[in-house]
Amino acid sequence: METKHILSSFDDDLNKLNNSLLKLGNGALDQFEKCINNFGTQNLEDIEKVVGADKFLDDLDDKVQKYGFEIIALRAPQAADLRRVIVALKIATIFERIGDYSRNISNRTKLLVEMKYTDLPGVNIGKMGQKTQTMLEDVLESYVNQDDKLAIKVRNSDVRIDKMHTQYYLEIVASMQRTKNLAPIGAHLLFIAKNIERVADYVTDIAEQVYFLVNGKVLSDVRPKADETSTRIPD
Amino acid sequence: MSDKANDFKSLDLTVGDVFSKEARLKARNVNVYYGDKKAIDNVTIDIGNKEVISFIGPSGCGKSTFLRCFNRMNDTIDICRIEGQITLDNENIYDSNIDVVPLRARIGMVFQKPNPFPKSIYDNVAYGPRIHGLCENKEHLDSVVEESLKRAGLWDEVNDRLLSPGTGLSGGQQQRLCIARAIAVSPEVILMDEPCSALDPIATAKIEELIHELGNEYSIVIVTHSMQQAARVSKRTAYFHLGKLIEVGKTKEIFTRPQHNQTEAYISGKIG
């Protein structure tokens with residue numbers, strides 16, 4: 001509801017929480033976008049910047065946790081206010097984790113650059129990253145606009161990332177089998193692909209929280225999944 | 001009162017399930033007027049057996065007026081007029097042959113401000129059983145007083161001074177004495193009109209614990225301005241606004257995802 005509370009300081013507290021959360025969400029998006037770009041450009045200076053900026057997200061997460069805790073203790077929020085606080089606490093931690101994955105991808109990219117990495121056939125990490133980045137952008141938009149339809153669309157699009165992950169996993173393993181001494185590079189690529197797939201999973205978690213925020217109930221249907229990397233033996 | 005038991009016009013307005021499978025009290029299309037002013041507008045609701053239900057809403061919304069309809073306390077107000085039907089176990093409590101004195105024993109009431117009689121603690125509790133002739137002898141009366149004080153959680157604090165004035169107790173103790181007085185006549189329903197508004201948090205907690213325990217034996221209707229109290233003590237909550245019953249439902253639903261915008265606004269502190 002757009003109407004304001006009688007107690008304006010309650011609105012101030014909720015706005016403070018929301019602003020920190022959005023700053024965190026946009027920060028996580030920025031970090032992820034940069035780490036995917038850097039994977040393509042292989043610019044070591046830019047890669048280092050992503051690694052160094054992660055603390056900023058950790059601090060914002062701490063702020064959101066503190067503000068949310070205080071609102072629960074002092075304001076006893078009800079209904080939509082309560083959902084807003086609970087959802088903020090949950091998705092702040094998810095954004096912070098996305099920041100962690102971005103840092104991890106950047107660290108591995110740095111090593112790949114040092115190992116003179118070149119593209120493997122059939123593997124397009126950049127494309128997988130960009131699609132995940134679009135999901136992250138959309139889920140942030142769904143949160144800001146409380147758009148549960150967009151949230152469901154984001155959630156359902158995760159299956160494409162799962163399929164790409166499965167495909168790239170098989171291609172990377174095949175390349176490692178074919179080419180001598182490719183194991184170190186292949187291992188890092190597997191981790192990077194897996195990290196991106198995890199980020200997409202986290203985005204779907206946020207989408208489900210947006211749905212709960214808007215409707216006050218959890219999505220009851222089973223999330224579509226297509227990641228076969230943990231159930232399939234490569235040829 | 002006209003019989004409109006089958007005319008549920010109010011359901012067009014009220015969100016949620018107003019009915020109860022094991023209803024003791026049934027209000028159907030109840031309107032209450034103070035002179036020309038309509039204070040309650042076409043309210044239909046059931047009060048279930050052994051359920052604790054809270055009535056919430058802004059000041060002047062009619063929740064206390066509606067509560068007082070259940071034991072005909074509004075009869076004492078000359079300009080008050082009531083339409084519709086209220087039944088206790090399917091018996092119309094506004095029927096011309098209903099005696100309000102035994103009715104008010106069956107449907108007891110606890111008020112906002114503790115109001116013990118200017119009598120001893122013992123006599124406060126014994127008063128009802130005496131006037132209703134519920135006890136055969138002194139020993140029986142003693143046991144009813146003791147049992148009532150125990151169930152009201154007060155026995156351990158007063159058993160050594162039963163002949164002291166009830167008005168000498170603390171506010172919280174006086175309110176529990178009033179609850180003991182109400183349950184001494186074995187009511188079926190207890191109405192509570194903001195029973196903790198004059199009490200500190202510890203006394204409030206004791207009353208709330210008592211409501212929780214008494215809810216296993218009686219139907220309890222509590223009017224409260226405290227959202228947290230409604231959330232803590234009741235299984236169902238009904239939200240009133242400008243004399244209308246806006247929404248009724250399970251308390252955990254009302255306080256987590258109310259269906260009506262006005263309910264949401266009120267419990268979130270957006271309308272007063």
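Across which strands does helix H6 (residues 171–183) of chain B lie? Helix H6 of chain B lies across S6 and strand S7 (189–193) of chain B, running at about 170 degrees to S6(B). Keep in mind that this is a predicted model, where local features need pLDDT of at least 70, side-chain atom pairs count only at pLDDT 80 or more, and totals for chains, interfaces and linings use all residues. Residues are numbered from 1 along each chain as its sequence is written, while chains are lettered from A and ligands numbered from 1 in the order in which they are written.

**Helix packing in chain A**

- Two packed helices are described by the angle between their axes and the distance between the axes.
- Take helix H4 (residues 125–145) and helix H5 (residues 148–178) of chain A: they pack at an angle of about 165 degrees, and their axes are 10 Å apart. Axes here are lines fitted to C-alpha atoms, for helices over the stretch in contact, with angles running from 0 to 180 degrees between N-to-C directions.
- That angle makes H4(A) and H5(A) roughly antiparallel to each other (over 145 degrees; under 35 would be roughly parallel, 65 to 115 roughly perpendicular, and the rest oblique).
- H4(A) passes H5(A) in a left-handed crossing, meaning the near helix is turned anticlockwise from the far one by less than a right angle.
- On the H4(A) side, the contact residues include A:Met128, A:Thr132, A:Met135 and A:Val139; on the H5(A) side, A:Leu150, A:Val154, A:Ile161 and A:Tyr168 are among them. Contact means that C-beta atoms, placed from the backbone, lie within 7 Å.
- By class, the contact of H4(A) with H5(A) splits into nine nonpolar, three polar and four charged residues. Nonpolar covers Ala, Val, Leu, Ile, Met, Phe, Trp, Tyr, Cys and Pro; charged covers Asp, Glu, Lys and Arg; the others, Gly among them, are polar.
- H5(A) also meets helix H6 (residues 183–215) of chain A, with axes that come within 9 Å and cross at roughly 170 degrees. H5(A) and H6(A) are therefore roughly antiparallel too.
- In the contact of H5(A) with H6(A) there are 18 nonpolar, five polar and seven charged residues.

**A residue to look at in H4(A)**

- A:Leu140 sits in helix H4 of chain A and counts as buried, with 21 C-beta neighbours inside 10 Å. The cut-offs are 20 or more other C-beta atoms within 10 Å for buried, 12 or fewer for exposed, and anything in between for partly exposed, with C-beta atoms placed from the backbone.
- Leaving aside residues up to four places away in sequence, A:Leu140 touches A:Gly25, A:Asn26 and A:Leu29.
- A:Leu140 and A:Leu29 are 111 residues apart along the chain, yet their C-alpha atoms are separated by 8.8 Å.

**Where the chains meet**

- The contact draws 15 residues from chain A and 14 residues from chain B.
- Helix H3 (residues 79–114) of chain A gives the most to the side of chain A that touches chain B, with four residues.
- That side of chain A has eight nonpolar, four polar and three charged residues.

**The six-stranded sheet of chain B**

- Six strands form an open sheet in the order S6-S7-S8-S3-S9-S10 of chain B, with mixed pairing. Strands (E, at least two residues) and helices (H or I, at least four) are DSSP runs, numbered from the N terminus, and two strands pair if DSSP finds at least two bridges between them.
- The edges are strand S6 (107–110) and S10 of chain B, each pairing on one side only. The twist averages 20 degrees from one strand to the next.
- Strand S9 (residues 236–241) of chain B runs antiparallel to S10(B), joined by six bridges. B:His241 has B:Lys244 as its bridge partner, and B:Thr237 stands opposite B:Gly249.
- Two residues lie between the strands of this S9(B)–S10(B) hairpin, where B:Leu242 takes a positive phi near 50 degrees.
- Six of the seven residues of strand S10 (residues 244–250) of chain B are buried, so S10(B) is largely enclosed by the rest of the structure.

**The four-stranded sheet of chain B**

- Another open sheet has the order S2-S1-S4-S5 of chain B, with antiparallel pairing.
- Strand S2 (37–48) and strand S5 (91–92) of chain B each have a single partner strand, so one side of each is left without a neighbour in the sheet.
- S4(B) and S5(B) pair over two bridges, and B:Thr87 stands opposite B:Asn92 in S5(B).
- B:Cys80, in strand S4 (residues 80–88) of chain B, counts as partly exposed with 17 C-beta neighbours inside 10 Å.

Notes:
Contact = placed C-beta atoms within 7 Å.
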